[in-house]
Structures are given as C-alpha cells and as structure tokens.
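Work through the exercises below with the structure in view. Try each task before you read its solution.

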Amino acid sequence: MPAHPLVADHPLPAAPLWGALAATPSGLHQAVAQDVDEHAHNLTAWHQQYDQLGAGCFVGRLTEWRLPHIQVFREQTSQALRQSCEVWADSFWFGVPDPAATLPTRINGRLHGSHDVMVRPGGERFDLVTPDRHSLFGVVVQRQALQDAAARQGCHVDWDALHQAEVLRVQEGARHACLNALDGLLPLSEPHATGWHGADLVAMEGAVLSLLLDLLDTSEADTAVRQSVARRQKVVAHAREYVLTHPDQAVTVPELCERLHVSRRTLQYCFEEVMGLSPIQYLRAIRLNGARRHLREAARHGQGVQDVAARWGFWHLSQFALDYRKLFGESPSDTLTRGAH
C-alpha cells in the first residue's frame with residue numbers, strides 16, 4: 001500500500017479544547033480484572049466493549065498513568081479479544097504492541113506489521129482484534145498539546161494524514177526507543193508514583209511528547225485502505241448487526257449469506273481476513289458474550305440460566321453450558337451467582 005509522509009508545511013487548524021480526561025486526577029492507576037467488560041471499563045475516559053474470542057478464563061491487567069494532557073498505559077490480556085474502542089475526544093491514540101507478541105493485531109480488519117505503530121483520532125470508533133497473551137503500550141495525547149509541542153520543536157506534521165491513518169510505518173530505532181521509555185515509565189510502584197507532582201509531571205509529559213514527535217518525525221502514514229478490505233469490513237459489520245438484532249435466533253451461515261447477498265465463500269473470506277475466524281466461530285462467540293453480559297444482570301431481575309439461554313437462541317441447555325464453559329472457563333450458573341453478589 002502507498003504510504004504518506006507525515007512532513008508538511010500546513011498545520012491543521014486547532015481542535016476544540018479537550019475535557020474528557022481533565023476531570024480525573026493525575027497519577028498512577030493499576031487494575032486486574034477477570035471479566036472482559038470490567039477490564040474494558042478500567043481504562044479512563046474511553047468508550048469500549050470487548051468480546052472474548054479465545055477460550056479459557058480471562059485475566060486483564062492495566063497499568064495507567066494519567067498526566068495533565070496525556071494518558072499512558074500498558075494493557076495485558078490473556079485471551080483473544082474483539083475490541084470496539086473510542087478514545088476521548090480531541091486526541092490521538094498511538095498503539096505500540098509489545099515486541100514479544102508472537103501474533104499480530106488487526107485494526108479495522110487490517111493486520112499491522114511487526115514494526116508498525118497503530119494510530120486513531122479521538123471521537124471515532126475503531127475495532128481491534130487482539131490475540132491470546134497480548135500486551136500493548138498505548139499513549140493518548142490531547143491534540144492541541146501535541147500540536148503545541150510540534151510547533152515548539154519545529155516539527156511540521158501533516159495532521160490531515162495523521163487523522164486518516166490507521167498504521168504508521170516507523171523506523172525501528174525510534175520505535176525501540178519509545179518502547180523502552182514506556183516500559184521504564186509504567187512499572188513504577190504506587191508509593192513512588194504518588195511522590196510525583198507539579199514539575200515532575202510536567203517533565204514526564206514533555207518526555208512523552210518528545211517520544212511521540214520522534215516517532216512522527218521518522219514515520220510515514222499509511223492512509224490507503226484497499227476497497228476489498230473496506231467491503232469485507234462492511235460484510236462483517238452487517239453480519240454482527242443482524243445477529244445482535246435477532247439474538248433469540250440461532251442465525252445460520254446460509255441465512256446470513258441470503259440476508260447479506262454474498263456467497264458462502266465470500267462470507268468465509270470476509271471473516272477470515274477481518275476477524276481471523278470463521279463465520280460460525282465468530283457468530284457463536286457474539287451470542288455467548290451476549291449471554292454472559294445478560295447472566296451478570298439476570299439474577300437481579302429474577303431470571304435464570306434457561307431464560308438467558310433462550311434469549312440468545314440457545315435451546316439445548318447442555319450444549320449451551322458446554323460451549324459456555326469452553327469459552328469462558330466457568331459455567332453459566334457460576335456467572336449468574338457472581339452477578340447476584
């Protein structure tokens with residue numbers, strides 16, 4: 001795909017002032033979750049929903065630094081996930097997967113290369129498909145703060161190209177330096193971290209801004225999206241939407257093909273490229289994740305496992321329990337009980 005250089009002579013007009021992260025105090029936040037929804041909500045000022053795709057008990061770990069204009073975090077997840085994400089407004093998110101990861105991440109259906117950095121603007125939804133045993137460093141920066149820092153350092157960034165990009169082709173040296181710096185910043189212990197105030201936080205924020213500008217100064221924005229990828233993304237999105245609007249129906253692949261006006265082979269290609277899964281695997285996972293969310297609330301409304309299973313089109317309770325335990329590592333009744341408490 002063609003790449004777009006990020007060097008330009010025309011700055012983008014400043015975005016409206018941000019405010020989503022400003023309401024939370026600066027400092028270090030650490031959390032461990034054993035549920036994907038709980039883990040998704042642990043990241044400050046993001047709108048997210050996670051579906052578990054990998055089989056087994058889930059564990060998610062988050063270490064997050066909140067600075068005046070920047071959010072820096074490391075996210076570690078035990079099982080493969082589909083993540084629907086939206087970063088706080090008037091910002092840019094940069095995602096740098098841990099180099100130890102053996103399998104790549106998909107962003108909006110596109111596989112990123114081993115030396116790439118993912119990027120998306122705030123206020124726009126994007127999808128990630130992450131593998132088992134995934135680790136990702138993330139930086140979200142207020143757009144105006146990044147623009148001001150670029151002006152101070154004489155770095156001319158093509159903000160239009162950055163806004164459109166999903167992937168940055170980054171020089172390995174700059175990427176390696178960024179990873180090392182983030183890895184050194186995030187393991188700080190809570191007692192040490194609480195001693196950082198005022199000038200220390202400003203200096204830390206300046207260092208992170210310099211890291212980002214070093215990345216941008218040595219990168220090219222890949223803004224091209226093949227039409228075939230865009231078409232397959234739409235097919236998968238429409239399939240998901242149809243299943244979620246008909247949750248009590250066990251939608252079959254032939255039915256989806258008829259509804260979406262595609263062949264079975266086309267549907268298979270779409271899911272394999274965008275999700276890395278077959279249609280049957282993914283559609284079952286959607287329904288099981290929906291049932292899990294429903295089970296966590298069901299006891300409060302006087303509902304049981306059978307009610308929830310029927311709500312999500314699972315009519316054979318023994319098979320539902322078997323599939324549920326295989327994906328989540330616990331029985332439906334265990335989830336129901338935990339939700340009640």
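**Exercise 1: Helix 9 and helix 10**

The axes of helix 9 (residues 264-274) and helix 10 (residues 279-298) cross at roughly 65° and come within 9 Å. Keep in mind that this is a predicted model. Task: find which residues make the contact, and sort them by class.

Solution. 
- Step 1. Start on helix 9, which contributes Leu267, Gln268 and Phe271.
- Step 2. Cross to helix 10, where Pro279, Tyr282 and Leu283 make the contact.
- Step 3. Sort them: five residues are nonpolar, one is polar and none is charged.

**Exercise 2: Helix 7 and helix 9**

Task: decide how helix 7 and helix 9 are oriented to each other, then list the residues that meet.

Solution. 
- Step 1. Two packed helices are described by the angle between their axes and the distance between the axes.
- Step 2. For helix 7 and helix 9, the angle is about 100° and the axes are 9 Å apart.
- Step 3. Angles of 65 to 115 degrees count as roughly perpendicular. Helix 7 and helix 9 are therefore roughly perpendicular.
- Step 4. Helix 7 brings Val229, Arg232, Gln233, Val235, Val236 and Ala239. Helix 9 answers with Leu267, Tyr269, Cys270, Phe271, Glu273 and Val274.
- Step 5. By class, this contact of helix 7 with helix 9 has nine nonpolar, one polar and two charged residues.

**Exercise 3: The largest pocket**

Task: describe the lining of the largest pocket, and name the element that gives the most to it.

Solution. 
- Step 1. Take the volume: the largest pocket holds about 340 Å³ of space.
- Step 2. Count the lining, which has 17 residues. Nearest the centre lie Arg82, Arg125, Asp127, Gln233 and Ala237.
- Step 3. Look for elements that give two or more residues: these are strand 11 (126-130) and helix 7 (227-245). Helix 7 gives the most, with seven residues.

**Exercise 4: An aromatic pair**

Task: classify the pair formed by tryptophan 46 and tryptophan 93.

Solution. 
- Step 1. The structure holds nine aromatic pairs.
- Step 2. In the pair of tryptophan 46 and tryptophan 93, the ring centres are 6.4 Å apart and the planes stand at 85°, so the pair is edge-to-face.
- Step 3. Tryptophan 46 sits in the loop between helix 1 (36-41) and strand 3 (47-52), and tryptophan 93 in strand 7 (residues 91-97), so the pair ties together parts 47 residues apart in sequence.

**Exercise 5: The cavity**

Task: find what lines the largest cavity.

Solution. 
- Step 1. There is one cavity of 30 Å³ or more. The largest cavity has about 40 Å³ of space.
- Step 2. Its lining includes Trp46 and Trp93, with Leu43, Gln48, Tyr50 and Phe73 also among the residues.
- Step 3. Strand 3, strand 5 (70-77) and strand 6 (81-86) are the elements that give two or more residues.
- Step 4. By class, the lining of the largest cavity has eight nonpolar, two polar and one charged residues.

Notes. Residues numbered from 1 in each chain as written. Predicted model: local features only at pLDDT ≥ 70, side-chain atom pairs only at ≥ 80, totals over all residues. Heavy atoms only, no water. 1 Å grid on protein atoms, 1.4 Å probe; cavity = no way out; pocket = protein on both sides within 12 Å on 5 of 7 lines; lining within 4 Å. Points joined across faces, edges and corners; volume = space filled by probe spheres on them. Helix = DSSP H or I, 4+ residues; strand = E, 2+ residues; numbered from the N terminus. Axes fitted to C-alpha atoms, helices over the stretch in contact; angles between N-to-C directions. Parallel < 35°, antiparallel > 145°, perpendicular 65-115°, else oblique. Contact = heavy atoms within 4.5 Å. Nonpolar A, V, L, I, M, F, W, Y, C, P; charged D, E, K, R; others polar. Phe/Tyr/Trp six-rings, centres within 6.5 Å; stacked < 30°, edge-to-face > 60°.
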